[in-house]
Every structure is written in C-alpha cells, then in structure tokens.
Amino acid sequence: MSNENHSDDFIQPLPVYVINLAHDRKRWEAVTHSAEVHAPWLTIHRIEAIDGRAIEAAAREGAEIDTFNQLCGRDMLPGEYGCYRSHLKALEAFVADGAPYGLILEDDIAFDAESAPRIQAVIAALPDLSVIKVVNHRRPLMIDFADTTRGDSIGRTLHGPQGSAAAYLVSRQGALRLLDALATMTLPWDVALERFWSHGVSVLTTDTDSLSFNEGRKASNILSASSDYDSVKYPWYRRLKA
C-alpha cells in the first residue's frame with residue numbers, strides 16, 4: 001500500500017499489525033478492504049494468529065495455568081491462550097520492524113474515513129505514549145489527560161474492566177516493556193493489558209472508538225460450541241478468591 005499523506009494529522013507512516021488465523025481469510029479481507037477504502041496510505045501487516053485449540057494444555061509454553069485458573073475462577077480456554085500469544089507475536093513483529101509507533105488490531109476491526117486521522121491525532125497529542133487503547137467496550141469513571149485536534153479525549157478509567165484489546169496504539173518503548181512484563185500469561189490478554197498498576201506500563205484510552213467492528217465480531221475465535229466461559233467456570237465456593 002502507498003505511504004502517500006492523506007491526513008492533516010499525519011506524522012509518519014503508521015504500520016498496522018492485524019492478528020488473523022490462517023483459516024479466517026474473510027476477516028483478513030474485510031480488514032484490508034476497509035483500510036484500502038479509507039486509509040490506503042497505511043502499511044498493513046498480517047500476523048498469523050496462534051490457534052490455541054491446536055495446542056494441548058500441557059504444551060502451553062509461557063503460561064502459568066494454575067495461577068490463571070485461580071485468578072479467574074475457571075479453566076483457561078484454548079482460544080484465550082492463542083489470543084495472548086498472538087498479541088505477543090504482533091508486538092514482537094512491530095519491535096523488529098523498528099517503527100516508533102504501531103497499531104495492533106484483531107481481525108474483527110474495520111476502518112472508516114475518520115479512523116486514521118483520529119489515530120494520528122492521538123499520537124500528535126501524546127507523542128510520549130506507551131499504550132493507548134482506541135477501542136473499548138466500557139469506560140467507567142474516565143479522567144481526561146489530553147485532547148486531540150480531532151475532538152477525542154485521552155485518559156484513564158478509574159474502574160474496570162474495559163473488556164477489549166481489539167485495537168491499541170503502542171510505541172516502541174511501550175512494546176518492549178509489555179513484552180518483558182507480560183511474557184508469562186496469568187490472565188486473559190485484554191485483562192492483563194489494562195492492569196497498568198501491575199505491569200508498570202502506562203495504558204490510556206480514548207473516550208470514543210476510532211475504529212468499528214466488522215461482521216467477524218459476530219463469531220468469537222476464543223469461544224466455541226464445546227468451550228465457553230460457563231462450561232469452564234468453577235463452583236461459587238472455588239471462585240471466592242478469584
């Protein structure tokens with residue numbers, strides 16, 4: 001894709017890393033089509049997702065399964081393991097490319113005409129960012145830290161969980177620190193990412209979503225007919241300390 005400048009807030013080419021399972025070509029095509037239509041100057045990289053369903057529990061390297069189960073009050077889902085490792089893989093690819101900023105996406109995300117300009121404006125407003133989530137499900141008690149030229153506010157919520165890691169900006173330094181701090185899985189990726197007080201990496205959020213969801217949102221790659229949250233949840237008395 002071309003790196004031609006089409007945005008008033010454009011700082012430099014922003015690499016985008018889309019996490020996508022090998023068999024989900026339709027999701028990949030949907031993401032790239034929306035980018036080609038609305039932000040053709042972006043450089044899109046496909047990160048082949050790790051399919052956790054193909055990995056036996058005993059072979060889940062980099063995961064403390066007992067700790068996860070105790071903290072969450074349920075068994076770890078295969079899809080959660082694959083998701084976690086896939087995000088680490090995307091961060092590693094971004095660091096290896098050497099760019100100062102990157103955008104990490106899951107493959108149920110879609111661009112619109114304002115997505116790229118708004119994201120570039122976020123970088124312009126906080127160039128020293130570590131991680132800024134640009135899509136979230138919930139934003140309870142959010143305190144604003146900065147405003148962008150595109151009308152978005154950037155801040156931090158006082159209560160969670162926000163419930164999504166589908167799209168976030170990350171700086172090179174932020175990615176390096178995340179790779180070190182979150183190398184071992186003890187929580188789902190979206191929960192682990194937003195716990196800045198635990199891993200020590202600043203994680204902020206925008207007050208509105210810069211991107212939307214495509215049709216792939218209707219079918220989860222983490223859940224399945226035989227493996228969902230209810231099926232692996234422990235009895236109430238085993239969840240008291242979760």
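Buried means under 20% relative accessible area, exposed over 50%, and partly exposed in between, with a 1.4 Å probe and protein chains only. On that cut-off, 49% of the 242 residues of the protein chain count as buried.

A word on the source. This is a predicted model, where local features need pLDDT of at least 70, side-chain atom pairs count only at pLDDT 80 or more, and totals for chains, interfaces and linings use all residues. Numbering runs from 1 along each chain as its sequence is written, and side-chain values use heavy atoms, leaving out hydrogens and water.

Now the elements. The chain has 8 helices and 10 strands. These are DSSP runs, helices H or I of at least four residues and strands E of at least two, numbered from the N terminus.

Next, one residue. Ser130 sits in the loop between helix H4 (115-125) and strand E5 (131-133). Buried or exposed? Ser130 is buried, at 13% relative accessible area. Leaving aside residues up to four places away in sequence, Ser130 touches Leu169, Val170, Ser171, Gly174, Arg177, Val201 and Ser202. Contact here means heavy atoms within 4.5 Å.

Last, a helix pair. H3 (residues 78-97) and H5 (residues 172-181) pack at about 140°, axes 10 Å apart. Axes are lines fitted to C-alpha atoms over the stretch in contact, and angles run from 0 to 180 degrees between N-to-C directions. H3 and H5 are therefore oblique to each other: under 35 degrees is roughly parallel, over 145 roughly antiparallel, 65 to 115 roughly perpendicular, the rest oblique. From H3, the contact is made by Leu88, Leu91, Glu92, Phe94 and Val95. From H5 come Arg172, Ala175, Leu176, Leu178 and Leu179.
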